[in-house]
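Dear colleague,

Please find the structure below, together with its sequence. My notes on it follow, and I would be grateful if you would read them alongside the coordinates.

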Amino acid sequence: MANEEDDPVIQEIDVYLAKSLAEKLYLFQYPVRPASMTYDDIPHLSAKIKPKQQKVELEMAIDTLNPNYCRSKGEQIALNVDGACADETSTYSSKLMDKQTFCSSQTTSNTSRYAAALYRQGELHLTPLHGILQLRPSFSYLDKADAKHREREAANEAGDSSQDEAEDDVKQITVRFSRPESEQARQRRVQSYEFLQKKHAEEAWVHLHYYGLKDSRSEHERQYLLCPGSSGVENTELVKSPSEYLLMLMPPSQEEEKDKPVAPSNVLSMAQLRTLPLADQIKILMKNVKVMPFANLMSLLGPSIDSVAVLRGIQKVAMLVQGNWVVKSDILYPKDSSSPHSGVPAEVLCRGRDFVMWKFTQSRWVVRKEVATVTKLCAEDVKDFLEHMAVVRINKGWEFILPYDGEFIKKHPDVVQRQHMLWTGIQAKLEKVYNLVKETMPKKSDAQSGPAGLVSGDQRIQVAKTKAQQNHVLLERELQRRKEQLRTPVVLPGVRIKEEPVSEEGEDDDEEEEPMDTSPSGGLHSRLANGLPPGRAVGTDSFNGHPPPGCTSTPVARELRAFVEATFQRQFVLTLSELKRLFNLHLASLPPGHTLFSGISDRMLQDTVLAAGCKQILVPFPPQTAASPDEQKVFALWESGDMSDQHRQVLLEIFSKNYRVRRNMIQSRLTQECGEDLSKQEVDKVLKDCCVSYGGMWYLKGTVQS
């Protein structure tokens, strides 16, 4: 109340809405000039407009008698534009730059909130604006000067060549027939920036007559800015309720979308982006940027966005490569589309781009010629793939565009594991399609091993094997010396002793058990079937020179048992393939000559797992599965000593009868077996320990086949 008393209403003004010029009134914004000079003082030589685009060009005279005007410069510009000979097509007929062109551009796509106001005799008359145009100087005459210069150079070269050549050479020409344009290609062409520019250029100019501020015609037209009468019908539109009146002044933002011109596909407005659902925001950003670290994506989406939701959304549209996210191929090349260069269908393009992405998961460098040889795609398509995610280095090849993001890898191991499984499935498909063999698989050299300080597991295994081979001769001699002294067989570290295994019931006595293959692809050639033979007795047989894993009297058995127990306490569920991979990494971290280098077989590793309190889960894989035998052998820790043992056991029993399960089925089965309603946190913990989610279904870890 105090503020209202201090600021009393001193006058009330009637507001009228004039609509005579509502669809014809434009506001022109000229460049800034000194206050003493107005644009009305400058002669307007011509004016023209393109109504559909609301584009205006004004041609205004330049005062060549002004002392600030440089006459020599004006003559030089006219000479460059028109040449020495003046004709009807000359831009500057006076051989002097005596005029300037101003071209307009729209300041806003929605002018419904703007009006021109005229105050007269205590009344305010408003007329809605149809458009607001900013006028800027046009320098098209420079393009004309460049075109004249090129024409003169071409004429001179043609004259020289005609004197040198006595007769024209016969040249072979190639005739090409254009492909029939598909509906999708036509739609992309219509929406392209070049097509829109061409369409705009084709619209004809409408010439206008310019009338100055003091002209009688201008005075007559200015009267239309006044409302015909204070009690006319038009004024009844302002007799509204306060809410309706505000709605008229500030219409909903949907109208702005309705009048928005079609923008090129590569133009992205962050203001419009944030009005979309989160999934669409992530998809549009990744489609435009192609490659992005997770931290940059979070900064673009804003601090209020949940990172868990972003992680869930990014995995639907992108793949993890060197800790960074690269947009999926099917997002860039949707179904029924084709290559703009070669016409190759989208399916082939996606497969070729997946091969490039997979190569970058193996190395920082990719050679374009190798990609073209494998994928059989044209050079332009391959170059497009590489430009999406790499930069070219002279004499080296194409390097991945972003540095290795180790921070994301350490922070989100579950996401990394899931992406690894997806890449494993993609690799298997690529090997089948492109008939990849070991020679074509990437060989990581020191220059291609990623960022400094990072050593891959394969490299560490290779170094360990090399060192073990170097010490092999010395260890053999030491073995022979001790045998002579003690005359008893002794197993030394680093020495691989092969003996005939004790035959088992139902097996051939001559069958020899091979040591476990520690190469990355060894799991694909394992000779063991899924699961151990029934009735096998663990605890009395010796195998390959070692006591059975149940006996912990030897250093090898103790070391292997300790590794298995520590591994399953961390991960609960592992396939034999994944366990062998982890064991290889463990071997690479050991010093040369360690007891575990003495040749651990698949059979011994499986016996140790079962003796450590784990059980094999006979997951019913689908008949068409691409999983290798080692990937179909799933082991799980049955009892870990915590409160979730019973819940995990129920979950493992579910997966012994089902390859994949929905969450609601798991929830109901846990509630039924445990006799209590489990909280969401308890169910999430059990699922996180043993399972991964893919496509709305839950799988045991390591069993997902994409």
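**Findings**

L349 is part of helix α14, which covers residues 346–362; helices here are DSSP runs of H or I with at least four residues, strands are runs of E with at least two, and both are numbered from the N terminus. The model is a predicted one, in which local features require pLDDT of at least 70 and side-chain atom pairs count only at pLDDT 80 or more, while totals for chains, interfaces and linings use all residues. Residues are numbered from 1 along each chain as its sequence is written, and side-chain values use heavy atoms, with hydrogens and water left out.

**The surroundings of L349**

With a relative accessible area of 1%, L349 is buried; that term means under 20% relative accessible area, with exposed over 50% and partly exposed in between (1.4 Å probe, protein chains only). Leaving aside residues up to four places away in sequence, L349 touches Y333, S338, S339, V344, D381 and F385, where a contact means heavy atoms within 4.5 Å. L332 lies 17 residues from L349 along the chain, and their C-alpha atoms are separated by 9.6 Å.

**The protein as a whole**

The protein contains 27 helices and 20 strands. It has 706 residues, of which 35% count as buried. Among contacts with a separation of 6 or more, 66% come from residues 24 or more positions apart.

**Strands and sheets**

Strands β1, β7 and β6 form an open sheet of three strands in the order β1-β7-β6, with mixed pairing; two strands are taken to pair if DSSP finds at least two bridges between them. Its edge strands, each pairing on one side only, are β1 (14–17) and β6 (115–120). From one strand to the next the twist averages 25°, with axes being lines fitted to C-alpha atoms (for helices over the stretch in contact) and angles running from 0 to 180 degrees between N-to-C directions. β1 runs parallel to β7 (residues 123–128), and four bridges join them. D14 has E123 in β7 as its bridge partner.

A second open sheet of three strands has the order β16-β18-β17 and antiparallel pairing. Here β16 (573–575) and β17 (614–617) are the edge strands, each pairing on one side only. Neighbouring strands of this sheet are turned by 30° against each other on average, direction ignored. Three bridges link β16 with β18 (residues 634–637) in the antiparallel sense, and T575 stands opposite V634 in β18. Helix α23 (residues 602–611) lies across β17 and β18, at about 115° to β17.

Strands β14 (residues 390–393) and β15 (residues 397–400) run antiparallel and are joined by four bridges. R393 has G397 in β15 as its bridge partner, and V392 stands opposite W398 in β15. The hairpin of β14 and β15 has three residues between the strands, and N395 in that hairpin takes a positive phi near 65°. β15 also pairs with β13 (residues 365–366), antiparallel and over two bridges. The partner of V366 in that pairing is W398.

**Aromatic pairs and cysteines**

Nine aromatic pairs were found in a search of the whole structure; rings of Phe, Tyr and Trp (its six-membered ring) pair if their centres lie within 6.5 Å, and planes under 30 degrees apart count as stacked, over 60 as edge-to-face and the rest as tilted. Y659 and Y699 form an edge-to-face pair, at 5.3 Å centre to centre and 75° between the planes. Because Y659 lies in the loop between α25 (645–655) and α26 (663–674) and Y699 in strand β20 (residues 697–700), the pair ties together parts that are 40 residues apart in sequence. Y659 is buried at a relative accessible area of 15%, and Y699 counts as buried at 6%. F294, W325 and F408 form one aromatic cluster.

The search of the whole structure found zero disulfides, a disulfide being a pair of cysteine sulfur atoms within 2.5 Å. C614 is buried, with a relative accessible area of 5%, whereas C378 counts as partly exposed at 24% relative accessibility.

With kind regards
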